[in-house]
Every structure is written in structure tokens, then in C-alpha cells.
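Have the viewer open as you read.

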Amino acid sequence: MKILLSNDDGHQALGLMALFAALKDIADVEVVAPEHNNSAKSNALTLNAPLYVHQAGEGVRYVNGTPADCVHIALTGLLDYTPDLVISGINNGANMGDDTIYSGTVGAAMEGYLFGIPAIAFSLVDKGWPHLDTAVAAAKALIQDLAPMVARRKHEHRVPPPWLLNVNVPSVPLGDLQPPKICRLGRRHSAERVIQQLSPRGDTMYWIGAAGATMDGAPGTDFHATAQGHVAITPLMVDLTAHQDLAYWSQALHSMRSPSQQQT
Ligand SMILES: Nc1nc2c(ncn2[C@@H]2O[C@H](COP(=O)(O)O)[C@@H](O)[C@H]2O)c(=O)[nH]1
């Protein structure tokens with residue numbers, strides 16, 4: 001199995017390097033990751049500047065770009081093969097609920113998914129890498145469990161659609177880890193207020209405030225599962241259409257005149 005491994009915390013991040021070391025036992029792994037921390041960069045691509053790739057060590061390359069840039073250039077030219085799996089992480093902190101919209105970790109995995117490759121984003125719930133060994137073990141075990149499904153794709157007459165999983169691992173000792181749970185995304189309250197400070201030169205600085213606290217952490221959500229010590233696994237989709245609202249808007253705009261009609 002060939003794995004492309006990326007992240008958003010940067011190519012020297014503990015979470016990436018620990019996962020890289022663990023996955024080398026079970027797969028051919030190549031790292032293409034950002035040069036620096038690109039947290040909250042979501043699916044951003046760099047369109048207005050050149051990207052440069054440097055070798056950091058055997059099997060590890062880094063890019064002066066976003067997480068999605070790394071996966072994008074790896075899949076569209078840097079690699080001379082198509083990986084079987086795109087893995088992103090292990091993120092320094094949670095990617096639950098609304099986090100997934102902003103997350104560079106999810107963005108990297110989603111870029112693989114958009115190119116038709118199964119992908120998984122892994123995050124360790126608490127920042128600072130507490131019990132990172134637990135997250136590495138959980139990630140390796142899940143990838144091993146999925147390996148037969150991934151391998152079968154090569155032999156299918158019609159390659160099945162890819163899938164995209166968002167996985168959050170609770171920061172607990174490995175011995176306390178509960179079995180994985182398939183969950184829906186919860187919701188956070190709105191983020192905290194912006195932090196305003198004065199620079200040494202008298203300019204006002206604005207810092208994005210902290211993520212909101214859990215708003216929907218009901219049973220069945222990723223928040224609830226991880227709080228109970230379970231690995232939370234959520235299948236994601238890219239279609240942002242509010243399908244349940246299509247009929248409403250069709251009816252609501254039924255009477256809308258076209259701009260040309262409004263001029264008569
Ligand atoms: N508004 C804030 N959101 C935050 C902050 N720290 C993290 N986050 C959210 O979590 C994800 C982290 O995901 P990553 O994969 O991008 O590292 C981030 O995208 C936000 O949604 C914070 O301080 N403020």
C-alpha cells in the first residue's frame with residue numbers, strides 16, 4: 001500500500017513524524033507537507049505565487065505552501081504514481097464539528113479525496129501532543145483495518161468512489177482508549193471575540209479569538225465520543241448543497257422576476 005502523508009502543523013511536527021515512523025512498517029510512505037504551521041488554512045491553494053519543494057530527509061519533502069498545496073502538487077506531478085491512500089495528521093489539537101470547515105488537516109485529506117483517492121484526517125484532541133502514542137497506535141490500527149478495502153480498489157472493474165474520514169483521538173493513555181465510534185459532527189458555539197492589542201509601534205493588532213465551546217455535543221457526536229474516551233470517526237462529504245432547502249427556495253423565488261423583466 002502506498003500512502004501520501006501530509007499535515008498542516010508543518011513537516012517537522014511531532015504528530016506527523018511519529019505517524020510517519022509508525023506507518024513505514026505497514027506501507028510505502030512519502031511525506032509532502034508544509035514548511036511551516038498552516039493551521040486553519042482549510043482547502044486554500046496558492047495561486048498567486050510559485051511553490052518550491054525541498055527534501056528534508058529520506059521520504060520527506062516540504063513545500064512553502066498550504067496543506068492542500070502539498071497534496072495537490074504531489075498528486076498532479078511531484079509523485080510518479082498515484083497513492084492508494086492520503087493521510088493527514090496527526091493534528092496538534094481537535095478537529096471536531098465546525099473545526100472541520102477551517103481545518104488545514106482536513107483540507108489536506110480532502111484534496112486527496114477530490115482527486116478520487118480515499119483519505120483520512122487524524123487529530124489528537126488536546127494540543128501539545130499529550131498521549132501522542134495513543135493517537136499513533138489508533139491511526140495505525142485503523143489504516144491496517146482499512147488496508148484490505150483499499151487494496152480491493154485496485155482490482156475493481158469500476159473503481160468505487162473514494163471516501164473521506166475525519167478521525168479524532170482522545171488524549172488518553174493507550175490502555176484507557178475505548179473502541180472507535182462512527183459519529184456525526186457536533187457543533188461549536190461561535191468563536192470567542194477577536195483579541196485586540198497595541199503593537200510596539202502603536203498600531204492596533206487583532207488576533208483571532210479561541211474556538212467556541214461545544215454547543216452540540218450530544219450522544220452520537222464526535223465531541224461526545226471523544227469525551228467518553230472513544231476514537232471518533234466521521235465520514236465527510238464535499239457537497240455543501242442544502243438539499244432540504246431546495247424546494248423552499250424554488251417556491252420562494254418562483255415569483256422573482258429576471259433582471260431584464262425588472263427593467264420593464
Ligand atoms: N477560532 C479559533 N479556532 C481554532 C483555534 N485553534 C484551533 N481552532 C480550530 O481548530 C482547527 C484546528 O485545525 P487545524 O487542522 O487547522 O490545525 C482550526 O482550523 C479551527 O477551526 C483558535 O485559537 N481559534
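A bit of housekeeping comes before the tour. This is a predicted model, so local features need pLDDT of at least 70 and side-chain atom pairs count only at pLDDT 80 or more, while totals for chains, interfaces and linings use all residues. Residues are numbered from 1 along each chain as its sequence is written, and side-chain values use heavy atoms, with hydrogens and water left out.

Start with the largest pocket, which holds about 710 Å³ of space. A pocket here is an open set of points on a 1 Å grid over the protein atoms alone, where a 1.4 Å probe fits, with protein on both sides within 12 Å along at least five of seven lines; lining residues have an atom within 4 Å of a point. The volume is the space filled by probe spheres set on those points, which are joined across faces, edges and corners. There are 32 lining residues, and A40, D99, Y102, R188 and A211 lie nearest the centre. Strand 5 (85-92), helix 3 (99-102), helix 4 (104-114) and strand 9 (187-188) each give two or more residues to this lining. Helices (H or I, at least four residues) and strands (E, at least two) are DSSP runs, numbered from the N terminus. By class, the lining has 11 nonpolar, 14 polar and seven charged residues. Ala, Val, Leu, Ile, Met, Phe, Trp, Tyr, Cys and Pro count as nonpolar, Asp, Glu, Lys and Arg as charged, and the others, Gly among them, as polar.

Now for the second largest pocket, with a volume of about 360 Å³. Its lining takes in 18 residues, with T100, I101, L185, M237 and L240 nearest the centre. Helix 3 and helix 4 each supply at least two of the lining residues, and so does strand 13 (230-235). Here the classes come to nine nonpolar, six polar and three charged.

Next, look at D69 in helix 2 (residues 67-78). Buried means under 20% relative accessible area, exposed over 50%, and partly exposed in between (1.4 Å probe, protein chains only).

Elsewhere, the whole structure has seven salt bridges, each a side-chain nitrogen of Lys or Arg within 4 Å of a carboxyl oxygen of Asp or Glu. One of them joins K140 to D25, with the closest N and O atoms 3.2 Å apart. K140 sits in helix 5 (residues 132-152) and D25 in the loop between helix 1 (14-23) and strand 2 (28-34), 115 residues apart. D25 is exposed, at 61% relative accessible area.

Another salt bridge pairs R187 with D98 at 2.7 Å between the closest N and O atoms. R187 lies in strand 9 and D98 in the loop between strand 5 and helix 3, so the pair ties together parts 89 residues apart in sequence. R187 is partly exposed at 44%, while D98 is buried at 18%.

Finally, find G15 in helix 1, which is buried at 0% relative accessibility.
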